[in-house]
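I opened the model and kept notes on what I looked up. The entries follow in the order I made them.

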Amino acid sequence: MIFQRKPGVPAFSCEEYAGKQKDYVVLIPIINEGQRIHRELYRAKKSHVSDYADIVVCDGGSTDGSTEARRLKSLGVNTLLTKQDTGKQGAQLRMGFWWALRRGYKGVITVDGNNKDSIEDVPRFIGKLEEGYDLVQGSRFVKGGRAIRTPFIRLVSVRLIHAPLISLTAGQWFTDTTNAYRAYSADYLRDPRVQPLRDVFQTYELLAYLSVRATQTGRRACEIPVTRAYPKQGRTPTKISFFKGNSELLKILFLNLFGAYRPR
């Protein structure tokens, strides 16, 4: 099925391998993750994540064969959404959010598809949503969390720049704000004071914005411990270039601080 572009939602195709099974959904944005996404999905299958939430891959247009239908279905994927429009991570998430809200899920968990995160912890996010939290941020830095082989420059950037700026903007302390492993209630995403389905969110703006808008609107937010493990060898899995990518992130943080992404 093809969904045409509409305000705030990119054009995308949808391959449903199964109907809605659970109250919650895990959205995994990817692009050319190769075996990394397959290993992550295998871990999810091994730990029975699909007993708690439907698993949906939000593809940005992979060309490496990693989204072959038979393989995804064998690994427990419920649906494949493929963006057919402009934009990067923000557009993939908007595509996933719109589709998830349309399908009637009570909440959404997002996690990167590069096999760095403890996807086995999905039930803990759902538990916090069931307790009434609207934003549940995964953190490797709180008690019980694990940061494994985190590159030094990333550690410094998160702890000394990103987390303090997001916390200042949110009015609540967060420790691992670059981490896309998090959960949102459907009520939060539908709130007219939030409006995540806007075309301004093309790259990493949406993650920064949703990190702070919950508490700004009086909603409950918390952190839970997770594990983020970087590979022992080889290139660090990331879509952020060192100079251009990080300078763009810094710009987004300050725009966010001064309310640039709030609905007008």
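I started with N115, which sits in the loop between β6 (107-110) and α4 (122-130). Helices and strands here are DSSP runs, H or I of at least four residues for helices and E of at least two for strands, numbered from the N terminus. N115 is not a glycine, yet its phi is positive, about 65°.

Before going further I noted the terms of the model. It is predicted, so I took local features only at pLDDT of at least 70 and side-chain atom pairs only at pLDDT 80 or more, while totals for chains, interfaces and linings use all residues. Residues are numbered from 1 along each chain as its sequence is written, and side-chain values use heavy atoms, with hydrogens and water left out.

**Another positive phi.** I looked up H48 next. It is not a glycine either, and its phi is about 60°. H48 lies in the loop between α1 (35-46) and β4 (54-59). Its relative accessibility is 47%, so I logged it as partly exposed. The scale is relative accessible area with a 1.4 Å probe, protein chains only: buried is under 20%, exposed over 50%, partly exposed in between.

**Sheet.** In what order do the nine strands of the open sheet run? I read β1-β2-β5-β4-β3-β6-β9-β7-β10, with mixed pairing. Strands pair if DSSP finds at least two bridges between them. β1 (2-3) and β10 (221-225) are the edge strands, each pairing on one side only. I then zoomed in on β3 and β4, which run parallel and are joined by six bridges. P29 stands opposite C58 in β4. α1 lies across β3 and β4 and runs at about 165° to β3. For that angle, axes are lines fitted to C-alpha atoms, for helices over the stretch in contact, and angles run from 0 to 180 degrees between N-to-C directions.

**Cores.** I listed the nonpolar cores: sets of buried Ala, Val, Leu, Ile, Met, Phe, Trp, Tyr and Cys residues joined through side-chain atoms within 4.5 Å. The largest has 41 residues. F12, L81, F97, W99, Y184 and L210 have the most contacts inside it. Elements giving two or more residues to this core include β2 (12-16), α3 (89-103) and α7 (205-216). A second, separate core of 29 residues includes I55, I109, L129 and V136. I also traced L210. Leaving aside neighbours within four places in sequence, L210 is in contact (heavy atoms within 4.5 Å) with F97, L135, Y184, Y188, L189, V194 and P196.

**Rings.** I found nine aromatic pairs. Rings of Phe, Tyr and Trp (its six-membered ring) pair if their centres lie within 6.5 Å; planes under 30 degrees apart are stacked, over 60 edge-to-face, the rest tilted. W99 and Y105 make a tilted pair, 6.3 Å centre to centre with 40° between the planes. W99 is buried at 3% relative accessibility. Y105 is buried too, at 2%. F3, F12 and W98 form one aromatic cluster.

**Charges over rings.** The test was NZ of Lys or CZ of Arg within 6 Å of the ring centre and within 35 degrees of the ring normal. K6 lies over the face of W98, at 4.4 Å from the ring centre. R220 lies over the face of Y133, at 4.0 Å.

**Last check.** Is Y230 buried or exposed? It is buried, at 4% relative accessibility. Y230 sits in the loop between β11 (227-229) and α8 (244-257). Y230 and L249 are 19 residues apart in sequence and 21 Å apart in space, C-alpha to C-alpha.
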